[in-house]
Amino acid sequence: MIDKTIINDLIEIPQNPSLKLINTPDLIESVPDRQHSYVQNLIKNHIDSFDYFLDTGLMEGIKAIRPFHYLLPDGQKLEVACTNYKLFKPQIDSSCYADVKDLYPSECRERAISYMGKLNLEFVWYLNGNFMGSIDECVGQIPVMVKSKLCNLANATPKQFIRRKEDAEELGGYFIQNGNERIIRMLIAVRRNNPIGLSRNTWKDSFPFYSEFGVSMRSVGPGEKNQNMVLHYLTNGTAKLKVFYNARSVTMPVLMILRALVDYSDKKIFERLTASYDGKERQFFENSVITMMKLVKQHGINRQVDALEHLGSKLKQFQAQEIPSWWSDLEAGKDLLRSSVAIHLDNDEDKFNCIALMTRKVYALAKAECAIENEDNPMFHEVYSSGQIYFMLLIERIELLLKGLKLCFDKHFSRGGKKDPMSRELLEKMLRLRFSTVVNPMKALVGTGNLQSQSGLGLKQAVGLSVTCEKINYLRFLSNFRAVHRGAFFAQMRTTACRKLYPEAWGFMCPVHTPDGTPCGLLNHLTIGCMVTCSKNDTTELIKTILNQDVISLDSSDGADLGFCYSVLVDGRLVCYVEMQLANDFVTKLRKYKVRGSKGVPNDIEICLIPKTGHPTQFPGVYIFTNIFRLVRPVINRALNDYEFIGSFEQVYMDISINDKEVIPDRTTHTEISPTIFLSVLGCLIPYPDFNQSPRNMYCCQMTKQTMGSSSHTLRYRNDTKMYNIETPQSPLVRPAIYDHYRLDEFPLGTNAIVAVISYTGYDMEDAMIINKASAERGFTMGSVTKTITVDLKALGNIKTTGNYAYKFGFAKPEDHVQHKNTLDESGLPYVGSRLTSNVPFCAYYPIEKPADDDEIKTKYEVYKYPEHAYVTDVKLIGSDLGKEIAQKATITFWQPRRPFVGDKYANRHGQKGVCSLLWPQESMPFTESGMTPDIIFNPHGYPSRMTIGMMLESMSGKVSALQGEAIDATPFRFSEKDTASDHYGKLMEKYGFNYYGTESMYSGVDGSLMNAEIFTGIVYYIRLRHMVSDKYQVRSTGKVDQVTHQPVKGRRRGGGVRFGEMERDSLLAHGTSFLLQDRLFNCSDKTIAYACTKCGSLLTTTNEPPLKDKDDEEKEKKVEEQKPDQPKSRRPVEIRTEWFCRLCKSKQSVRQVFIPHVLLYLTAELASVNISLKLNFAEV
């Protein structure tokens, strides 16, 4: 069930924006009693999915884990099962010295530790079926989601958040690992428990007689365990079902599986399979069923027991290690059906009906009576939520813990432990050996995003599952929670089918909020109205309500002609049949109960009638989905005049109008709540997006997330490596009404700028723009970068044990402190407010013990390495986790001011990005008759090429807003062809005495003359991007080179070179500057002196011959030896000349000195290693 009050967040969006949030002192100064639900509901699904598993999901998964069985050396049978768990709130160690034991997220950020809670598991064990006792052990600590039920800030008020050094509107929904905020992002999953008809050419090549047709189902059992089933159609008219047992495929004839599921007669199985098949190829289907039944009988299988034993024997034959040795074939066969076949169903008869339905569908698909479906279609999608991925891995790791006990016991008994009797102590010892296999993968999932799983959990990627929640600005942080990724697997596919924007995605996925480049179409964002169901519905009352309708129950369907009936499925379970002429009334009644929330029908289920037509469409039937983690969104049900939550599957078969004007009588069933309901949060914030070219709206969403904005109100209590902040933000004068709805004035992004559209000075060509220097000096887009550096003395000294120290903060000698007394205090830490420049020490420490290779203890320093100057804003000394050691860690926070500079990147909210090409003096800027000078000069060629008419409207409406002192609503779809936006704002400007078209007369700032043309001038909200010259400029004359190629290394921090690529080379060739090309690619790169043989053309056979001594040199050496020690005589050293010769040609005359790139010498040596000789030709020049 979904709380319908959530819909109020969408219908209570104000009609017009206002400036009351920044002009009303009471709203600014007061702290509300509770957080605003509008923003909190945007990320609610992350917290709810985590809480769902804490409440029921994790327990269900643990109960579904198969017990561990082991045959002891003395013949006894050991059985170990995990039965319960306990997860505790994050706390510091009980032995620590602290008044409050609760651990809070802010402390984890400041101390660079993880926000984790203890996990206890309870095990029970049996010997020969006799209960021996239970074991409750602490497995370790695993990460805990912020604001979940386990968090110490759960249900906190804004005042309590502020008291704990958090933002008043703290979102939560993420983890803290080593001080970093990490989020497990949502992934697209195939809709569970729904048979999908597919066609894949790869299936034809897998086995003989296999065709390209098949029906696939992702079956999800307790604890969100996934099992895929594929029913293949064979060209000989039969079908085989492929399931997975312990991640290994098992393929059996489908009739073999059906025979093993129920104890029916052949006649009843035949009738159950064929009774409801009403296709043109019914005779062929019946003949195929008879053929498959004969093939099963050829194996001597006449009863259910025979089929189970046959399945068990085949399973034990191929997977003997996974099955207890004392199990019979019958037990193994039952386990296969229980754990691999339709695991979402508990009843074998329901499983039979499910496989029978898949059989009918695959034959209809093969005979073109059913349409081929597409897995990339959003109607077949749901999501893997963050809590789901997290706890799916935890459940699997607990299962692998039990499986790994076999290896532990085998090692123990093979090393002479066969005489040890089985005891509680021995079992505890074996369990403790496996505890790290549970907690370490959980930490790796959150900390690195790597998935350590044997099965893969059904996910399409094993890396990058978690990402860092970068707080470049608030909207980027918020977008992480609304992002849904298709999977890294699809990024490598050469087809574009997985990237397409399908019509079925309307209202669920934003069409403009997706990045360009590699992840385009794969990384999408949910719309403002889209929600994820995170509560499990009890279907007992729903099924009772269905059976109370005018339907045909399964008990009364035996022997009946069901060809004129639809199957009614609830989460992949066949419940009943309904006659075709009664199906519409049946669905209408259920939808009424759903909207009203009566008769036990949840309000978030999907009810879809796929009618039978004369064309090959989707397989007909009534499909009802109640499962968790589906995408739903609210619309207005016109028949009931109430709000209804619909899903992506049923939306396809509805007729939904955008507004009342589009309603078609007797056809339209629903209406959208708002025309902008199909956009994401960032998409809704674009002013006048309906007037812009679509790619520009995409660019706007991307550049908004790269903006240097207001990220947090708690910068002082954060230790992020790098954070951006805008120092002089403003509230936009022109904005959609939803801007106020989400209270984004608390985290503003940019500045209202006066923009003149004119070609001026020539520095505004292409994407370049000119900024008024006086505006920049007044604080226009003034920003700052906050960097935090952690100095860990234990890490520097490679100390990993508690109580041992290598260094201590401070100075080894008093005179060392005197040299740096202006910046460092006696403890070796900098003063707050100190100004640092490049290579200035900001931290001092010294070794506690005298080094073995040194005579005295010397002070060591950590040096500020950045070229930009900075100021120390905060210094923290961090103690140990137990609080019993001297401080060995310190964090120093630097503040770097970033004024606008030539080369910095800017953009507006219409995807118009540009680079500051010049800071032009105000006295040289053009000015209007009223003396107004623009802040930015924008090139007029940017309009026709990008077609951003919305920017022109913002310029006009921004001027109107400044004149009337009110914010202007820029919500899309407010204007029409009859009531145009340009006419509306043009008349308003005429009202205030300005030109109708938004143009003004301007005078040249150079000579003061009146310009001949009227200049389009207005106010546009500009944002400053984080891409700044100060972070990217690179200069090098000499420096580090690569040890192998001798070419300059790359990387700005390493002092590397600037890449001079092929395009740069081509530009120099075009200009005829060949010597400059030689200087860049040769002299300044890897110029090397080498010796080559002109006779054989080799670079590798030359060597320097030892020098030959002549007679004069020998006589000189004798004289030196004869000299006495008390009569030293200075002598001139003998000059030794090095001579080179070719070992291959045995010649000195043919060796010449050459200047070549060292990489050529390296290439020659590499080729020689594979017996390829490189020969050079020489010629006199």
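Helices here are DSSP runs of H or I with at least four residues, strands are E runs of at least two, and both are numbered from the N terminus.

**Ground rules.** I am working on a predicted model, where local features need pLDDT of at least 70, side-chain atom pairs count only at pLDDT 80 or more, and totals for chains, interfaces and linings use all residues. Residues are numbered from 1 along each chain as its sequence is written, and side-chain values use heavy atoms, with hydrogens and water left out.

**UniProt spans.** I started with the record. An unreviewed UniProt entry lists "domain: RNA polymerase Rpb2" at residues 218-377, 468-532 and 1056-1176. Such positions are in the numbering used here, feature names are shortened, and annotations may be inferred rather than shown by experiment. I looked up residues 468-532: 20% helix and 14% strand, with the end C-alpha atoms 22 Å apart. Residues 218-377 came out at 50% helix and 16% strand, and there the end C-alpha atoms are 15 Å apart. UniProt also places "domain: DNA-directed RNA polymerase subunit 2 hybrid-binding" (unreviewed entry) at residues 685-1054. That span is 18% helix and 26% strand, and its end C-alpha atoms lie 40 Å apart.

**The sheet from β8 to β12.** Next I went to an open sheet of five strands, ordered β8-β9-β10-β11-β12, with antiparallel pairing. Two strands count as paired if DSSP finds at least two bridges between them. Which strands stand at the edges? They are β8 (196-199) and β12 (248-253), each with a single partner strand, so one side of each has no neighbour in the sheet. On average, neighbouring strands of this sheet are turned by 25 degrees against each other, direction ignored. Inside the sheet I checked β10 (residues 226-234) and β11 (residues 239-245), which run antiparallel and are joined by four bridges. H232 has K240 in β11 as its bridge partner. Helix α8 (residues 254-261) lies across β10, β11 and β12 and runs at about 90 degrees to β12. For angles like this, axes are lines fitted to C-alpha atoms (for helices, over the stretch in contact), and the angle runs from 0 to 180 degrees between N-to-C directions.

**Two packed helices.** I then looked at α9 (residues 266-274) against α13 (residues 348-366): they pack at an angle of about 55 degrees, with axes 9 Å apart. The pair is therefore oblique (under 35 degrees is roughly parallel, over 145 roughly antiparallel, 65 to 115 roughly perpendicular, and the rest oblique). Who makes the contact (heavy atoms within 4.5 Å)? From α9 I noted I269, R272 and L273, and from α13 E349, F352, N353, A356, T359 and R360.

**The sheet with β27 and β33.** Another open sheet has five strands in the order β27-β31-β37-β36-β33, again with antiparallel pairing. Its edges are β27 (722-726) and β33 (835-836); each has a single partner strand, so one side of each is left without a neighbour in the sheet. Five bridges join β27 to the antiparallel β31 (residues 783-792). I726 has G783 in β31 as its bridge partner.

**Around β38.** Last, I followed β38 (residues 905-908), which is joined by three bridges to β39 (residues 913-920), running antiparallel. K905 stands opposite V915 in β39. This hairpin has four residues between its strands, and G911 takes a positive phi near 75 degrees. β38 also has three bridges to β45 (residues 1015-1024), again antiparallel. There, N908 stands opposite Y1022.

Terms used. Contact means heavy atoms within 4.5 Å.
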